[in-house]
Amino acid sequence: MSRVYNFSAGPAVLPEEVLQQAADEMLDYQRSGMSVMEMSHRSKVYDSIIKTAEADLRELMNIPDNYKVLFLQGGASQQFAMIPMNLMKNKKAAYIITGQWAKKAFQEAQIYGEAVKVASSEDETFSYIPDCSDLDIPEDADYVYICENNTIYGTKYKTLPNTKGHILVADVSSCFLSEPVDVSKYGIIYGGVQKNIGPAGVVIVIIREDLITEDTLPGTPTMLKYKTHADAESLYNTPPAYGIYICGKVFQWLKKMGGLEAMKQRNEEKAKILYDFLDGSKMFRGTVRKEDRSLMNVPFITGDKDLDAKFVKEAEAAGFVNLKGHRTVGGMRASIYNAMPKEGVEKLVAFMKKFEEEN
């Protein structure tokens, strides 16, 4: 069996060790005589899986006691509605638009109240993060919303916006667990897990307890109230049980790797290899302003569409897959999440050097 180097933006590469453990436990999880896929989410065995997963995540992220961890469904996109439904008490919120997902969240929020665009980098195809140190945030805004790492465009906030005392809500889907974070700076920090943590189908929401109330917008479905899931400890209905089990394995792998400090160091090393090559290359160049570059998603181009296509095709034949950029921007993109080994990036750069020499 030969595994490729998978640079997909999500569903994305998972640690081989985790996949191997899941394979070993597929037919019989810890002598239960069945697979985790088959067991009741109300069983003692499963209860231990989900509780351990939460405890490990709390430890990894150093989550304060006054925050709840919710394992939900619907992906990050469902949160675009759930957030305003639960938080828009004054029917007003501030949005910073740094890419397609922030834009979609902003558009969704307009259904529920007044969404105010307080900053945007759309003028330069989202290739930078706007200065958020002194934004004109409405006094009565219920929260300020950001997408912290922009998967498509390869940008990342290095400094959180000055929210001027307002609640900060952040979608961290593509940088989840890639480096340490101070959870207490956020009201809600959430993300879909299919980029850096587990299989598609789970979204993790970390929410401050005072934001979990009965007081939601009229007409909010039971399933879209944070309180429903917080009160039931993510077991109100059948959760994405197998996905949560894999996330739990990844949390244990991260702890074994040395936690988030160690991951940050590893991720910086990997990204440097690729960015240094791009900065010195005559053929390839990165598309993002240097100080706003993501450690997770690295978009690059040759400047020639045909050459881009040729590169993607030859790279795939050489075992470097999913390097085609998002359909909205073209070019190439290498997503180098936690589970991408350093050697994957080194070999990609060696291939790019060779391609440059030959073309």
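Is Lys-156 buried or exposed? Lys-156 counts as buried, at 6% relative accessibility. Here buried means under 20% relative accessible area, exposed means over 50%, and partly exposed lies in between, with a 1.4 Å probe and protein chains only.

## The model

This is a predicted model, in which local features need pLDDT of at least 70 and side-chain atom pairs count only at pLDDT 80 or more, while totals for chains, interfaces and linings use all residues. Residues are numbered from 1 along each chain as its sequence is written, and side-chain values use heavy atoms, with hydrogens and water left out.

## Salt bridges

A search of the whole structure finds 27 salt bridges. A salt bridge is a side-chain nitrogen of Lys or Arg within 4 Å of a carboxyl oxygen of Asp or Glu. One of them joins Lys-156 to Glu-148, with the closest N and O atoms 3.4 Å apart. Glu-148 is buried too, with a relative accessible area of 4%.

Another salt bridge joins Lys-256 and Glu-17, whose closest N and O atoms are 2.4 Å apart. This pair links distant parts of the chain: Lys-256 belongs to helix H6 (residues 241–256) and Glu-17 to helix H1 (residues 16–24), 239 residues apart. Helices (H or I, at least four residues) and strands (E, at least two) are DSSP runs, numbered from the N terminus. Lys-256 is exposed, at a relative accessible area of 59%, and Glu-17 is partly exposed, at 33%.

Asp-231 and Lys-227 meet through their side chains at 2.7 Å, N to O. Both lie in helix H5 (residues 226–231), four residues apart, which is about one turn of the helix. An α-helix has 3.6 residues a turn, so residues three or four places apart point the same way. Asp-231 is exposed, with a relative accessible area of 55%, whereas Lys-227 is partly exposed, at 23%. Elsewhere, salt bridges that share partners join Asp-47, Lys-51 and Glu-233 into one network.

## Helix H2

Helix H2 (residues 44–61) has 18 residues, which at 1.5 Å a residue should span 26 Å, and its end C-alpha atoms are 26 Å apart, in agreement. The expected span is 1.5 Å times one less than the number of residues. After H2 comes Asn-62, with a positive phi near 55°.

The buried residues of H2 are Tyr-46, Ile-49, Ile-50, Ala-53, Asp-56, Leu-57, Leu-60 and Met-61. Seen down the axis of H2, they fall within an arc of 125°, so they line one face of the helix; the arc is that of the directions from the helix axis to the C-beta atoms. Lys-44 and Glu-59, on the other side of H2, are exposed. The buried residues pack against strands E2 (67–72), E9 (188–192) and E10 (203–208), and against H6 and helix H7 (259–280). Contact means heavy atoms within 4.5 Å.

## Strand E3

Six of the six residues of strand E3 (residues 92–97) are buried, so the strand is largely enclosed by the rest of the structure. Lys-92, Ala-94 and Ile-96 point one way, while Ala-93, Tyr-95 and Ile-97 point the other way.

E3 runs parallel to strand E4 (residues 114–120), joined by six bridges. Two strands pair if DSSP finds at least two bridges between them. In this pairing, Ile-97 stands opposite Ser-120. E3 also pairs in the parallel sense with strand E5 (residues 143–147), over two bridges, and there Tyr-95 stands opposite Tyr-145.
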